[in-house]
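Visitor: Hi! Could you walk me through this protein in plain words?

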Amino acid sequence: LAEELNAFLTNITETEQSRETYSIEDIISNGETEYTEFKQTFRYNVFKAEYDKSREDDIIKCIAAFGNSETGGDLFIGVSDDGEVLGLDDDYQNLRKNGPVDKDGFELLLRECISAAFGEVFTATKVDISFPKIEGKEICLVGVRPVSTAKDILIVKKNRNGQEQQLIYLRSGNSSRTIPTEEYSSFLETRF
């Protein structure tokens, strides 16, 4: 009787975490959320049909926001804001110097960009990059895990009007928002 009672008590105290899994298609069809962001390209401006540094800045801002959040998130490159899967062909064709860039070259450039902004340790330990094919088109999925301590908060450096600014981004709903300087200490107290 005692053994059965102990077994019963053990079973009611051990709970198994239920974790639902969703396909990439399901995540994309759900749209941008607190945990999901879409970017059409990495460095190519489709409207100007040329390289555009501001596209890269948007990627870095999004990675910072996910890294500074409590949960992290997933950045999809090659998907429009409305969830249309476009693929990476525009970036592949326009990132080249001596021929087309493939996913290996794309990943190398993306990791260099992230490392330049946040360092090698963050890039190696908190960023996962993969290239799933959706509807026959290759996209880039950047999984970002959150930083663990206040000293690791991701700061984006920007130059505006000759002045360097240091900005902290955080995910708020389906957007990446700048935290005002006067709210930094409140954010750090809340986050850690």
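This is a predicted model: local features need pLDDT of at least 70, side-chain atom pairs count only at pLDDT 80 or more; totals for chains, interfaces and linings use all residues.

Visitor: Which residues in α3 are buried?
Guide: In α3 the buried ones are Arg55, Glu56, Ile59, Ile60, Cys62, Ile63, Ala64, Ala65, Phe66, Gly67 and Asn68. Buried means under 20% relative accessible area, exposed means over 50%, and partly exposed lies in between (1.4 Å probe, protein chains only). Helices here are DSSP runs (H or I, at least four residues), strands are runs of E with at least two, and both are numbered from the N terminus.

Visitor: Okay, what is in the whole protein, helices and strands?
Guide: The protein has seven helices and eleven strands. Its C-alpha trace spans about 75 × 45 × 30 Å along the principal axes. Of its 192 residues, 39% count as buried.

Visitor: Back to α3. What angle does it make with α5?
Guide: Helix α3 (residues 53-68) and helix α5 (residues 103-118) pack at about 60 degrees, and their axes are 11 Å apart. The axes are lines fitted to C-alpha atoms, for helices over the stretch in contact, and angles run from 0 to 180 degrees between N-to-C directions.

Visitor: Is that crossing left-handed or right-handed?
Guide: The crossing of α3 and α5 is right-handed.

Visitor: Which residues make the contact?
Guide: From α3 they are Glu56, Ile59, Ile60, Ile63 and Ala64, and from α5 they are Leu110, Cys113, Ile114, Ala117 and Phe118. Contact means heavy atoms within 4.5 Å. These residues divide into nine nonpolar, no polar and one charged. In that count Ala, Val, Leu, Ile, Met, Phe, Trp, Tyr, Cys and Pro are nonpolar, Asp, Glu, Lys and Arg are charged, and the others, Gly among them, are polar.

Visitor: What happens at the start of α5?
Guide: A side-chain oxygen of Asp102 reaches to within 3.1 Å of the backbone nitrogen of Asp104 there. Asp104 is itself in α5, and it counts as exposed because its relative accessibility is 53%. Just after α5, Gly119 takes a positive phi of about 95 degrees.

Visitor: Is Ser115 buried or exposed?
Guide: Ser115, found in α5, counts as buried because its relative accessibility is 12%. Its side chain joins that of Thr123 in a polar contact of 3.2 Å. A polar contact is a pair of N or O atoms within 3.5 Å; within protein, one must be able to donate a hydrogen and the other to accept it, and residues adjacent in sequence count only if both atoms are side-chain atoms. Leaving aside neighbours within four places in sequence, Ser115 is in contact with Glu120 and Thr123.

Visitor: New topic: where is Glu135?
Guide: Glu135 sits in the loop between β6 (133-134) and β7 (137-138). Its phi is near 55 degrees, a positive value in a residue other than glycine. With a relative accessible area of 63%, Glu135 is exposed.

Visitor: Last one: what does Thr36 touch?
Guide: Not counting residues up to four places away in sequence, Thr36 touches Ile27, Gly31, Phe66, Asp74, Phe76 and Arg171. Thr36 is in strand β1 (residues 36-39), and at 6% relative accessibility Thr36 counts as buried.

Note on methods. Residues are numbered from 1 along each chain as its sequence is written. Side-chain values use heavy atoms; hydrogens and water are left out. A crossing is left-handed if the near helix is turned anticlockwise from the far one by less than a right angle, and right-handed if clockwise.
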